[in-house]
Structures are given as structure tokens and as C-alpha cells.
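Hi everyone, thanks for making time for this.

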Amino acid sequence: MRIGLLGTGPWAQIAHAPALGGHDELDFAGVWGRRPEAAKELAERHGVRAYDDIDALLADVDAVAVALPPQVQAELAVRAARAGCHLLLDKPLAPTVEQGRAVVEAADAAGVASVVFFTTRFQPGPQDWIAEQAAVSGWFTARAQWLGAVFTSESPFATPWRREKGALWDVGPHALSVLLPVLGDVRQVTAAAYGPGDTVYAVLDHDRGASSTLTLSLTAPPAAAGAAVELRGEAGVAVLPEGDDGAVPALKRAADALLAAVRTGRPHPCDASFGLRVTEILTEVQEVLDGGAPRVR
């Protein structure tokens, strides 16, 4: 399958280009970016073509991988789907429910497959653990902590969209991608509050009867950074294992999932529809943070 890359930033350089170029079943065809000089540099590094015209790239490939800010991703994902390209997307799918829904509708109308790269869902240990815990009944409560030091260290990911949207929208999708398959959909956002820096606390009520608490931050001290998920219920306590094989192998597995969805016609659990649901929940948390009343489904 011929695939193109949209985006030239740190994530495209660190994860996407190496994963696409090193995948045995993908033909990495080219790069388009909002900065042509950056696209040229990245393309030369991987021995592929740099495209000045995004429509020319879309016409030359079967699929695109997107490494762009959420608002730009949502707009270009619609454009790519309408051009008949399968979609390997990043999280969050979109910054608004309307934009996320437009991606889903465009993919459905064009009959293209989609996978959203929630990193933890494509790491073997965490992936197996999530499947095991989803089969266990009687979970009572869960806590998820996703603490980053993006704004307290010299990180290349202190990008404008992260400064604008904060931890809720950057690492919140990771936490939800673990909790939703195990505890079920979110019925209600019962509380949300800000902490230090961009830290967000949220309490969620899930439709299988459990509650969960989220602690999300990109302004944690570097020594305190890390992710942890703990479940407690009738079966006891379960702790999410660390996924330590890196972003590139995980992104290759996400590409495998996209290839499988294309071949079988069966949607992957982390498709654009799941990405939309995550965007809907993040929006509900944001509304509570901004002073709106909790919403019950």
C-alpha cells in the first residue's frame, strides 16, 4: 500500500517517517508539509519525494499518515478521505465534535478505513492487559494519571496547539483509550477542576457502573512524569504494565491495523468513530471546567 505523510514536525520526524519507511508492507511515497523547506528536508532524509501540492500527493497514494495539529488534521483528513485515501491519524482526532464528526462522515461516505494512533493501544503489554481487564466484571473504580513534563523541560513537543489546549487534549486521549474499553462508555462527567499549571482533574461515571478519576498534566516536574492506571474491583487490583518498546514499533502496529482493516473491511476498535467519542468526552470535560453543568447520557 502506497502511503504519504502529512506533516514535518517533531512527531513526524521521530515516529512517523521512520515507521512508514521501515514498514515491510508499506511503500512510503512522499511527504507534504505546511513548510515546503521542511518537507524537502524530511523527504530527502528518507529517500522519498517532497510534494508542494497536497492534492498531487493524495492522488499518488492509497493512504496517508497525519502528523499535524488536531484542527489541521481534521480538515485534511476529510480532504484525504474524499480523495479515496485510507487514514492513519493521530490523537486527538479533532479539537471540536463538529470537526471530528466531519472526519467520520467523510471516511464512511468514501468507504475508507481509519485508525487513530493511541500509542498505548498499540504496545503489546498494555494491549493484552486492556483486553484481559475488559473481560473481567465487577470493576468498582479506576484512577489514571498521565503526567508529562513538556512545559517544564526542553521538550520539542511544547508546540502552539499544546500550549493552547493543554494536557486535557494532549494526554487525556491516552487515558480514555485505556479506560473506555475496560469500564465502558462515559455516562457522565461528574466533576472537573484545574490544578497547577495546565493540570486537569476529572471524575467520570461509566455505564458499566464504575467511576474513574483522571489526573492529566504537561507541567509536572520532570522527576514526577509518567503514566499509571490502576483498577480496583471484585477481582482485586490490576495495574497497567508499562509499554517500553517505543513509538516507532507502536506506530508500525497501528499501520498493521490499518492494513488489516483495509483487507477485511472490518473497522479497528481505534477507528475514527472511537476518536470522535474521545473528542466528545474531552469536550464535555472542557465544558465542566468552563463552568457548564455536568451532562448525563
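First, some ground rules. This is a predicted model, where local features need pLDDT of at least 70 and side-chain atom pairs count only at pLDDT 80 or more, while totals for chains, interfaces and linings use all residues. Residues are numbered from 1 along each chain as its sequence is written, and side-chain values use heavy atoms, with hydrogens and water left out.

Okay, the core. A nonpolar core here is a set of buried Ala, Val, Leu, Ile, Met, Phe, Trp, Tyr and Cys residues joined through side-chain atoms within 4.5 Å. Buried means under 20% relative accessible area, exposed means over 50%, and partly exposed is in between (1.4 Å probe, protein chains only). The largest such core has 106 residues. Among those with the most contacts inside it are L5, L6 and V285. What does L6 touch, leaving aside its neighbours within four places in sequence? Its partners include W32, I54, L57 and L76, with contact meaning heavy atoms within 4.5 Å.

Now the helices. Helices (H or I, at least four residues) and strands (E, at least two) are DSSP runs, numbered from the N terminus. Axes are lines fitted to C-alpha atoms, for helices over the stretch in contact, and angles run from 0 to 180 degrees between N-to-C directions.

Helix α1, residues 10–21, packs on helix α2, residues 36–46, at about 40°, and their axes are 11 Å apart. That makes α1 oblique to α2; angles under 35 degrees count as roughly parallel, over 145 as roughly antiparallel, 65 to 115 as roughly perpendicular, and the rest as oblique. On the α1 side you'll find A12, Q13, A17 and P18, which meet L42, R45 and H46 in α2.

Next pair: α6 (124–134) and α8 (172–183) pack at about 30°, with axes 8 Å apart. They are therefore roughly parallel to each other. W129, I130, Q133 and A134 of α6 make the contact with V178, P181 and V182 of α8.

Last, the prolines. Most peptide bonds are trans. The one from K91 to P92, though, is cis, with omega near -10°. You'll see P92 in the loop between β5 (86–90) and α5 (97–110).

And P269: buried or exposed? Exposed, with a relative accessible area of 51%. P269 is in the loop between α9 (247–264) and α10 (272–289). Apart from neighbours within four places in sequence, P269 is in contact with R121 and F274.
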